[in-house]
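Thanks, everyone. One chain today, and a quick walk through it. Have a look first.

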Amino acid sequence: MAQEKIALNSFIAGFRLAWGIAMELGADGSYSYEREQEEVNRRKT
């Protein structure tokens with residue numbers, strides 16, 4: 001039972017962290033996944 005509670009709390013903490021990061025990236029509207037991928041591809045070549 002304790003292991004399940006720890007696992008759930010860990011998941012919730014990770015989800016909240018990911019949500020916060022997503023909100024920060026989208027707050028000013030300057031982040032674009034497509035632009036990031038274009039940059040990554042450009043660096044590879």
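Start at Phe-11, which sits in helix α1. Helices here are DSSP runs of H or I with at least four residues, strands are E runs of at least two, and both are numbered from the N terminus. Buried or exposed, then, for Phe-11? Phe-11 counts as exposed, because its relative accessibility is 57%. The cut-offs: buried is under 20% relative accessible area, exposed is over 50%, partly exposed lies in between, with a 1.4 Å probe and protein chains only.

A caution on the source. This is a predicted model, where local features need pLDDT of at least 70, side-chain atom pairs count only at pLDDT 80 or more, and totals for chains, interfaces and linings use all residues. Residues are numbered from 1 along each chain as its sequence is written, and side-chain values use heavy atoms, leaving out hydrogens and water.

Back to Phe-11. Ring pairs join Phe-11 to Phe-15 and Trp-19 in a cluster. The structure has two aromatic pairs. In one of them, Phe-15 and Trp-19 are stacked, at 6.3 Å centre to centre with 20 degrees between the planes. Rings of Phe, Tyr and Trp (its six-membered ring) pair when their centres lie within 6.5 Å; planes under 30 degrees apart are stacked, over 60 edge-to-face, the rest tilted. Phe-15 and Trp-19 are both in α1, four residues apart, about one turn of the helix. Why does that spacing matter? An α-helix has 3.6 residues a turn, so residues three or four places apart point the same way.

Now the helix itself. α1 covers residues 2–27, 26 residues in total. From first C-alpha to last it reaches 37 Å, close to the 38 Å expected at 1.5 Å a residue; that expectation is 1.5 Å times one less than the number of residues. Just after α1, Gly-29 adopts a positive phi of about 75 degrees.

Next, the loop. Ser-32 lies between α1 and α2 (33–44). Ser-32 counts as buried because its relative accessible area is 16%. Its side chain reaches the backbone nitrogen of Arg-35 at 3.2 Å.

Last, the whole chain. The secondary structure is two helices and zero strands. The C-alpha atoms fill a box of roughly 50 × 25 × 10 Å along the principal axes. Of the 45 residues, 2% count as buried. And Phe-11, where we began? Its C-alpha is separated by 32 Å from that of Glu-38, 27 residues apart along the chain.

Definitions and conventions. A polar contact is a pair of N or O atoms within 3.5 Å; within protein, one must be able to donate a hydrogen and the other to accept it, and residues adjacent in sequence count only if both atoms are side-chain atoms.
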